[in-house]
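Please have the sequence and the structure open as you read.

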Amino acid sequence: MRLLSALLSKALFAAMMGIVVLALGSNFVVIAQAMFHPLKVVQGNSMSPGINDDDAVFITDVTAKELSLGDIVVFGDPENHRQKIMHRIVDFQTHDGSIYAITRGDANSINDPYLVPLEGITGRVWVTLPKAGLFLSHIRTMPGFISCVICPLALLLLYLLGRCYLEKTGTNHGFLSKELIPSS
């Protein structure tokens with residue numbers, strides 16, 4: 001019975017640590033998205049097989065001088081200014097003294113039908129996180145925010161309140177009496 005109690009205590013401790021990590025990670029993602037918008041959710045498969053629908057991409061700022069052939073860049077859709085397009089630079093072309101990028105999606109057989117001014121490129125893809133867009137899309141909803149941020153923090157608060165109660169009453173054993181971060 002004592003072994004079962006010890007195993008249960010360790011399992012609950014591990015679960016609580018997992019919840020704390022989930023809450024902190026989710027909070028970090030929510031705050032980073034609100035402040036910097038570095039992660040974008042991919043919609044569409046024009047960059048398959050490397051970047052697919054529901055992947056998340058980390059976008060970095062880029063200047064015209066830093067661009068090179070093969071870069072995957074983000075720019076405004078010339079036909080719909082509310083949309084962004086993410087395609088690869090396949091060539092450069094000078095037209096009327098200005099330099100333009102010729103772009104194409106990796107899954108597309110032909111180049112895009114328009115030239116992209118280098119000043120119109122708003123970022124470059126730095127890292128791709130496969131299917132992480134599903135989590136980002138979920139966390140941006142109210143149920144996602146509640147399940148990934150509010151609930152884990154509420155559980156952590158309940159743990160800390162229970163621990164304080166046990167310390168005050170002198171019953172200092174079991175799961176709640178364990179320190180989440182042991183002091184050295």
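Leu155 counts as partly exposed, because its relative accessibility is 38%, and partly exposed covers the range between under 20% (buried) and over 50% (exposed). Keep in mind that this is a predicted model. Leu155 sits in helix α3, which spans residues 142-169. Together with Leu157, Leu158 and Leu161, Leu155 makes a nonpolar surface patch of about 390 Å².

Now to the charged pairs. How many salt bridges does a search of the whole structure find? The search turns up two, and here they are:

| Salt bridge | N to O distance |
|---|---|
| Asp71 and Arg124 | 3.1 Å |
| Asp106 and Arg88 | 2.8 Å |

Take the pair of Asp71 and Arg124, whose side chains meet at 3.1 Å, N to O. This pair links distant parts of the chain, 53 residues apart: Asp71 is in the loop between β2 (56-60) and β3 (72-77), while Arg124 belongs to strand β7 (residues 121-129). Is Asp71 buried or exposed? Asp71 is buried, because its relative accessible area is 12%, and buried means under 20%.

In the other bridge, the side chains of Asp106 and Arg88 meet at 2.8 Å, N to O. Asp106 lies in the loop between β5 (98-104) and β6 (116-117) and Arg88 in strand β4 (residues 80-95), so this bridge ties together parts that are 18 residues apart in sequence. Asp106 is partly exposed, with a relative accessible area of 33%. Arg88 also counts as partly exposed, at 26% relative accessibility.

Methods: Residues numbered from 1 in each chain as written. Predicted model: local features only at pLDDT ≥ 70, side-chain atom pairs only at ≥ 80, totals over all residues. Heavy atoms only, no water. Patch = residues over 30% accessible without salt bridge, like charges linked within 9 Å, V, L, I, M, F, W, Y side chains within 5 Å. Areas by Shrake-Rupley, 256 points an atom, 1.4 Å probe, with all protein chains shown as cover. Salt bridge = Lys/Arg side-chain N within 4 Å of Asp/Glu carboxyl O. Helix = DSSP H or I, 4+ residues; strand = E, 2+ residues; numbered from the N terminus. Buried < 20%, exposed > 50% of the residue type's maximum accessible area, 1.4 Å probe, protein only.
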